[in-house]
Amino acid sequence: MTKLPKLLSNASLLGLSSEDLQQFACQEGEKAFRGRQIHEWIYQRGAKSLDSISVLPKKWRDSLESKGIRIGRLDEINRVVAEDETLKLLMGTIDGEIIETVGIPTDKRLTVCVSSQIGCPMGCKFCATGKGGLNRSLNVNEIVDQVISVRETMNRRPTHVVFMGMGEPLLNIRNVLDSIECLTNDIGIGQRKITVSTVGIPNTLPDLAKLAQDRLGRVKFTLAVSLHAPNQTLRELIIPSASSYPIDSLLKDCKKYIELTGRRVSFEYILLGGLNDKDIHAEQLADLMRGFQSHVNLIAYNPIAEENFKRPSQFRVNAFRELLENRGVAVSVRASRGRDKDAACGQLRRQTIDKIRIN
């Protein structure tokens with residue numbers, strides 16, 4: 001399936017496959033190998049402009065630029081590195097917006113936390129991103145470039161990608177799936193090392209399974225559902241949009257997704273001190289997970305200025321995990337990275353753009 005029609009509206013070559021670019025070159029009256037050259041320079045050499053692809057005829061480069069065709073790379077606006085070496089990049093778009101992305105290194109892996117939208121409409125109470133609402137969804141080139149930019153900045157090949165940055169991926173699902181295809185086929189990050197996170201959009205998970213199968217073939221990426229509460233009342237308090245999506249319906253859709261894809265679902269659970277981290281909550285969560293092919297990922301809350309939630313003690317985190325384990329639930333605790341530079345889970349925010357413009 002060609003993506004060339006998208007080029008007419010987006011005018012960006014980044015995100016197109018080698019086959020797409022070869023077809024593009026032929027449509028332009030050039031030989032197919034010119035498309036392969038563009039592909040190499042974009043994905044392997046990190047070319048940021050057509051003019052920098054010196055192997056292409058200058059006349060053709062000038063012609064493409066006159067038509068508004070561009071590679072579609074973003075401009076680096078700012079970078080900050082936390083004490084634990086977590087990197088936060090601020091990338092500028094062609095329309096003057098700013099995207100935040102995070103590189104999380106360990107000895108054996110480099111995870112890139114990518115954004116799928118500028119802002120977010122979901123309004124989760126613990127998350128800074130949604131405080132300014134949604135501006136727009138990201139194009140494929142804007143998603144893929146986050147991974148390439150982290151690779152270049154850290155001079156290291158990314159091993160994992162998580163769609164857990166700014167935005168709700170399922171509200172931009174076609175571009176997210178096209179990005180996954182590009183990351184897999186053109187950059188070389190296997191689907192099994194890619195995670196798509198969602199807070200839950202009514203009636204979308206079965207459609208996601210079908211769309212992913214149509215676009216990617218067999219679905220191998222991990223779906224992570226942001227649950228954050230073991231009952232509907234508490235979930236609506238933490239995630240106001242959950243009022244339109246009862247937790248029972250969400251879990252039913254998760255089971256349908258598992259049936260369609262054969263893939264386990266991961267559940268994200270942010271522990272908010274004194275609110276959803278009590279023993280009774282762990283027991284209720286274990287009951288919800290009964291009979292599920294699933295995994296629970298616990299995340300200690302990372303404070304943001306707009307809310308007064310508390311980060312739980314390490315004792316409560318450990319106790320919550322142990323209660324789940326004793327009930328037979330597969331569980332892990334995600335280490336917080338980049339907290340000192342507002343790069344940790346839930347801390348990315350659109351207000352950064354105002355700080356940059358002021359400075």
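Student: Which residues of β2 point one way, and which point the other way?

Tutor: In this predicted model, Leu87, Leu89 and Met91 point one way from β2, and Lys88, Leu90 and Gly92 point the other way. In a regular strand, side chains alternate between the two faces of the sheet.

Student: What makes β2 mostly covered?

Tutor: A residue counts as buried under 20% relative accessible area. Six of the six residues in β2, which spans 87-92, are buried, so the strand is called mostly covered.

Student: How do you know that β1 and β2 pair?

Tutor: Pairing asks for at least two bridges between the strands. Six bridges join β1 (residues 75-81) to β2, so the two count as paired. They run antiparallel, and Asn78 stands opposite Leu90 in β2.

Student: What is found between the strands in the hairpin of β1 and β2?

Tutor: Five residues lie between them, and Glu85 takes a positive phi near 75 degrees.

Student: What makes β3 a partner of β2?

Tutor: Again the cut-off is at least two bridges. β2 and β3 (residues 98-105) have six, in the antiparallel sense, so they pair. Gly92 has Ile98 in β3 as its bridge partner. The hairpin of β2 and β3 has five residues between the strands, and there Gly96 takes a positive phi near 85 degrees.

Student: How do you know that β3 also pairs with β4?

Tutor: Four bridges link β3 to β4 (residues 110-113) in the antiparallel sense. The requirement is at least two, so this counts as a pair.

Student: Now the helices: why is the crossing of α10 and α11 called right-handed?

Tutor: The name applies if the near helix is turned clockwise from the far one by less than a right angle. The axes of α10 (residues 279-289) and α11 (residues 314-326) cross at roughly 35 degrees and come within 9 Å. The crossing is right-handed, so the turn is clockwise. Asp279, His281, Ala282, Leu285 and Ala286 of α10 make the contact with Arg316, Phe320, Leu323 and Leu324 of α11.

Student: How many of these contact residues are nonpolar, polar and charged?

Tutor: Six are nonpolar, one is polar and two are charged.

Key: Residues numbered from 1 in each chain as written. Predicted model: local features only at pLDDT ≥ 70, side-chain atom pairs only at ≥ 80, totals over all residues. Heavy atoms only, no water. Buried < 20%, exposed > 50% of the residue type's maximum accessible area, 1.4 Å probe, protein only. Axes fitted to C-alpha atoms, helices over the stretch in contact; angles between N-to-C directions. Contact = heavy atoms within 4.5 Å. Nonpolar A, V, L, I, M, F, W, Y, C, P; charged D, E, K, R; others polar.
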